Amino acid sequence: MPKRTRTTIWRTLTAAAVATLTAAFLTPATAQSAPRESRPVYSYADAVRESVWVDTGLDEDGDGRSDRVAADIVRPAEPARQGRKVPVIMDASPYYSCCGRGNESQLKTYDAQGHVVQMPLFYDNYFVPRGYAFVGVDLAGTNRSDGCVDVGGRSDILSAKAVIDWLNGRARAYSSRTGGTPVKAGWTNGRTGMIGKSWDGTIAGGVAATGVRGLKTIVPISAISSWYDYYFAQGAPLYDGGPDELAGYVESADARAHCAAVQRRLADGSPRSGDWTPLWTERNYVADAAEVRASVFLVHGMQDLNVRTKHFGQWWDALARNGVERKIWLSQTGHVDPFDYRRGAWVDTLHRWFDHELLGYDNGIDREPTADVERHPDQWVTSAAWPPHGTRTAVLRPAPGGGAGVGTLGLHRAAGTETFTDDPALSETDWAAHLTTPTPEKAGFLTEPLTHDLRLAGSAEVTVTAIPTTTSAHLSAVLVDVGADTVRDYADSAEGIATLPWRNCWGESTAGDSACFKETRAKTAAVDYTVVSRGWADLGHHASAAEGVPLTPGRSYTMTLHLAATDHVVPQGHRLALIVAGTDKDLIDPPSTRPTLTVDLSRTAAKVPLVGGAAAFDRATSGGAVAAVPTVLEGVRAPRAVRHVPAA
């Protein structure tokens, strides 16, 4: 399929088209010039609140009836009375009744007639007065919807897509879950933007990958791009459960009674072997990036250890290859919504993004820098492109050092070996804490202190050639910035923020739905090192992702580990380090044996995306700077074992 270049859909509009579009959204008194910002001119208190059940055309729960999904709608009353149609902001979620949304875990609430009273988050409070409708969709098998949860599969995606089809006159909806009268969406022009964090954002990406007409933009926050990569890293299990357990976590009581067969299919299709199966192919949205017609405003925490940053990296790169209009924010947080770490700037930017993409306002956001990156807590920089112009891959090679397990990292190939023994009781924080001293569970390689800053931006990979002593082995590769800094404490339970007792307000409130949310601030930690990027793999999958095989002890194997995407500056005076080890405690599960691995350094290398490439690395490491490094380095606490729930 040919690539599509979509720098903006609005610059090519004729003057007559702009005049028509402007008139559609402005009263005659204000239609003198094209608008640049939607204003809160409509009553939130008087907004229309209604619910419809959209026919998905599926029968996942096997009851002989087509499944219907519930869509709760809040929309301004005035435009429909004046004969004007409004665009839609939509969040399709499995969490509206089981788990809640946002930092305060808000649930949908309803009045006696079944109309939504509280819609979680600020989107309806803020955007409905500005001329948007907000639609909160219960994914199939959750809350008030029929069907079964299939964790990112056909039912998940098509249940949300059906709502967009209905908004654009291509699907049927009814006034009740069973029976009822047909309902048409005559109040909307069909232009829809999807938004959501974690599973919600994942659905936005999956729906966009269908190429559905009417979906103009998506804003996925900390979203999954391939469900295999949520549960496995190149064959290494990231969690001790699978999608069948996750379905049971979010499904409604009705679904629980009727969806055992779906859960069995989920369990059977996702063996804990780490093999790639057809179930994972169905849930790999990256493969369908060529179908995406919507623009994408992507947001992710670079220390997200729930939905790990490989997800945004591979999705971003696939969208770039297909000419999709993109924007990105990268924070120092873990699995956190930008509303809770950069609230004012986030609301303003999101407002302008939706105004541009859904209302067609030429407000300049498409001409601003592509990327916002949090360099230090609450300190942000921008890049015209991401990765920045001039970013090139540098091949960095490990070499033996003065002692076993503590080597050097440079541009030149070296002979020699390093040996480590997998210790499942230790994690990346244990390895990094002892980078400068020999320990039996890891091999570490450090540059000399840098004489110039060195910026990594994008996705790295590490190729390891190793000989195991047992029939199974897992590998970890970690890039570390060694040097004192203050960072967001992403390993804390709130993953880089602290919630404060007072509130601020974003939009209009009613008695049942407040627009006021608890404020937050950055929670920081002083550290001696920062983990920059990570990657894991099962060495038994060295030849194929589809099927792992037992290893032959004493035989040499080569495998390339794909590290998570990042954007990080290693400052002058710090060191860049590479760690190669086995099980990363609480981030991957251990293998069935406890191997010792001998790494062939001449056939091991890291390909790292650096601004300036190998020349920048050579310049930063050629100055002969000397700096003392503590024997034991302090970092954030060890990663926590978290339940495999994308919104946790």
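**Entry 1: the loop at S198**

I started with S198, which lies in the loop between β8 (188-197) and α5 (199-208). I kept in mind that this is a predicted model. I looked up the backbone angle here and found that S198 has a positive phi of about 65 degrees, although S198 is not a glycine. Is S198 buried or exposed? The relative accessible area is 0%, so S198 is buried, the cut-off being under 20%.

**Entry 2: another positive phi**

Next I turned to Q234, in the loop between β10 (232-233) and β11 (236-237). Phi of Q234 is near 50 degrees, again a positive value in a residue other than glycine. I computed 15% relative accessibility for Q234, which means that Q234 counts as buried, because buried means under 20%.

**Entry 3: a cis peptide bond**

Which form does the peptide bond from W386 to P387 take? I noted that the bond is cis, with omega near -5 degrees. P387 sits in the loop between β15 (379-383) and β16 (391-403).

**Entry 4: the whole chain**

The protein chain holds 14 helices and 30 strands. Its radius of gyration is 26 Å, close to the 26 Å that the globule rule gives for 648 residues, so the chain is as compact as a globular protein of that length. Along the principal axes, the C-alpha atoms fill a box of roughly 80 × 55 × 50 Å.

How much of the chain is buried? I found that 60% of the 648 residues count as buried. The accessible surface comes to about 23,100 Å², and 51% of that belongs to carbon and sulfur atoms.

I also checked which parts of the sequence meet. Among contacts between residues at least 6 apart in sequence, 79% join residues at least 24 apart. For the charges, I looked at 64 positive and 73 negative ones, and their mean positions are 5 Å apart.

**Entry 5: the nonpolar cores**

The largest nonpolar core has 105 residues. Those with the most contacts inside this core are M90, W187, M194, W199 and W227. Which helix gives the most to this core? I found helix α4 (residues 154-167), with seven residues. Apart from this core lies another, of 38 residues, among them F445, V462, L597 and L601.

**Entry 6: two threonines in loops**

T447 lies in the loop between β19 (442-446) and β20 (454-458). With 0% relative accessibility, T447 counts as buried. What does T447 touch, not counting residues up to four places away in sequence? I listed L409, R575, L576, F617 and T621.

T309 is in the loop between β12 (295-301) and α11 (310-321). T309 has 3% relative accessibility and so counts as buried, under the 20% cut-off. With residues up to four places away in sequence left out, T309 touches H300, G301, M302, D304, A564 and A565. Last, I compared T309 with S472: the two are 163 residues apart in sequence, and 26 Å apart in space from C-alpha to C-alpha.

Methods: Residues are numbered from 1 along each chain as its sequence is written. This is a predicted model: local features need pLDDT of at least 70, side-chain atom pairs count only at pLDDT 80 or more; totals for chains, interfaces and linings use all residues. Side-chain values use heavy atoms; hydrogens and water are left out. Helices (H or I, at least four residues) and strands (E, at least two) are DSSP runs, numbered from the N terminus. The radius of gyration is taken over C-alpha atoms; the globule rule is 2.2 Å times the number of residues to the power 0.38. Buried means under 20% relative accessible area, exposed over 50%, partly exposed in between (1.4 Å probe, protein chains only). Contact means heavy atoms within 4.5 Å. Accessible areas come from the Shrake-Rupley method with a 1.4 Å probe; for residues, only the protein chains shown count as cover. Lys and Arg count as positive and Asp and Glu as negative; His and the chain ends are not counted. The place of a charge is taken as NZ of Lys, CZ of Arg, CG of Asp or CD of Glu. A nonpolar core is a set of buried Ala, Val, Leu, Ile, Met, Phe, Trp, Tyr and Cys residues joined through side-chain atoms within 4.5 Å.
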